[in-house]
Amino acid sequence: MKYILASASPRRRELLEQIGLEFEIIPACGEEVIQYERPEEVVMDLSRQKAEEIVKKRTEITIPEVIIGADTVVAYKDTILGKPKDKGDAYRMISLLQGDSHKVYTGVTLILRSGEKTTVHSFFEETKVTMYPMSEAEREWYIDTKEPFDKAGGYGIQGKCAIFIEKISGDYNSVVGLPVARIYQELLKLGVDIYGES
Ligand SMILES: Cc1cn([C@H]2C[C@H](O)[C@@H](COP(=O)(O)OP(=O)(O)OP(=O)(O)O)O2)c(=O)[nH]c1=O
């Protein structure tokens, strides 16, 4: 089985490396078109768009393959937060999230291709994250670390923002960008055992 990660995210790459999977990276570069309101639908749909873009690029396949697409957003009350566009946007996001709880959604689409058969399987993980209150000076300091800019919700739980995380409920790796345990379980359901392969 060949595994392809349809992502340019270094965090997703590191998480797949961490579990010992051998895989190729083919980032999806198409524009993400949001057409849903509920965060779980948004992330599943965007993850499918990313994985399907790679399927279209690979018309001739010689061995069975699994393509993995993923997308992460932060939801605070009715607001969905993607990546901040600029410093002001990052400040707005971190101000919204500090001193309260929010949810992080990561959607994953696995596309299994073997012979003539293609199986598309999407799912999502929801993780609740609670942040301590942050003073204005702390928010400014955090934005100056530049960490917020390529991350949904404008923070990285795995970086300096860790000092502001009071608690989480759910999968930590999903917040970082890829729920590897759930992916393993879902692959098993599809009949793919990444460690049992000969
Ligand atoms: C909330 C949070 C998000 N993130 C990251 C994970 C994702 O990389 C990013 C959300 O953006 P995404 O659009 O999901 O992914 P991406 O653009 O980085 O990569 P690609 O589309 O090529 O797969 O935010 C963290 O690293 N830490 C966090 O705590």
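## An exposed loop residue

Lys77 counts as exposed because it has 8 C-beta neighbours inside 10 Å, where exposed stands for 12 or fewer other C-beta atoms within 10 Å, buried for 20 or more, and partly exposed for what lies in between, with C-beta atoms placed from the backbone. Lys77 is found in the loop between strand 3 and strand 4 (79-81), the strands (E, at least two residues) and helices (H or I, at least four) being DSSP runs numbered from the N terminus. The phi of Lys77 is near 50°, a positive value in a residue other than glycine. Most residues other than glycine have a negative phi.

## Model and confidence

This is a predicted model, in which local features need pLDDT of at least 70 and side-chain atom pairs count only at pLDDT 80 or more, while totals for chains, interfaces and linings use all residues. Residues are numbered from 1 along each chain as its sequence is written.

The chain averages a pLDDT of 96, and 99% of the residues score at least 70; pLDDT is the predictor's confidence in each residue, from 0 to 100. For the complex, the predictor gives an ipTM of 0.96 and a pTM of 0.97.

## The nonpolar core

The largest nonpolar core has 42 residues, of which Ala6, Val43, Ile67, Ile68 and Val73 touch the most other members; such a core is a set of buried Ala, Val, Leu, Ile, Met, Phe, Trp, Tyr and Cys residues joined through C-beta atoms within 7 Å. Strand 3 (residues 65-76) supplies the largest share of this core, seven residues.

Leaving aside its neighbours within four places in sequence, Ala6 has contacts (C-beta atoms, placed from the backbone, within 7 Å) that include Ile26, Pro27, Ala28, Ile54, Ile67 and Ile68. Lys50 and Glu53 are also among the contacts of Ala6.

## Helix 1

In helix 1 (residues 10-18), Arg12, Leu15 and Leu16 are buried. These residues lie on the same side of helix 1 because they cover an arc of only 95° around the axis, the arc being that of the directions from the helix axis to the C-beta atoms. Pro10, Glu17 and Gln18, on the other side of helix 1, are exposed.

The buried residues of helix 1 pack against strand 1 (2-5), strand 3, helix 5 (172-176) and helix 6. Just after helix 1, Gly20 takes a positive phi of about 80°.

## Around the ligand

Around the ligand there are 24 residues, of which Ser7, Ala8, Ser9, Ile157 and Gly177 come nearest; a residue belongs here if its C-beta atom, placed from the backbone, lies within 6 Å. The elements that give two or more residues to this shell are helix 1, strand 3 and helix 5, and strand 3 gives the most, with four residues.

By class, the shell has 10 nonpolar, seven polar and seven charged residues, where Ala, Val, Leu, Ile, Met, Phe, Trp, Tyr, Cys and Pro count as nonpolar, Asp, Glu, Lys and Arg as charged, and the others, Gly among them, as polar.

## Other exposed positions

Lys146, in the loop between helix 4 (136-144) and strand 7 (165-169), has a phi near 70°, a positive value in a residue other than glycine. Lys146 is exposed, with 12 other C-beta atoms within 10 Å.

Leu190 lies in the segment after helix 6 and is exposed, with 12 other C-beta atoms within 10 Å. Beyond its neighbours within four places in sequence, Leu190 is in contact with Leu110, Leu112, Thr119 and His121. The C-alpha atoms of Leu190 and Met1 are separated by 13 Å, although these residues are 189 residues apart along the chain.

How values were computed. Contact = placed C-beta atoms within 7 Å.
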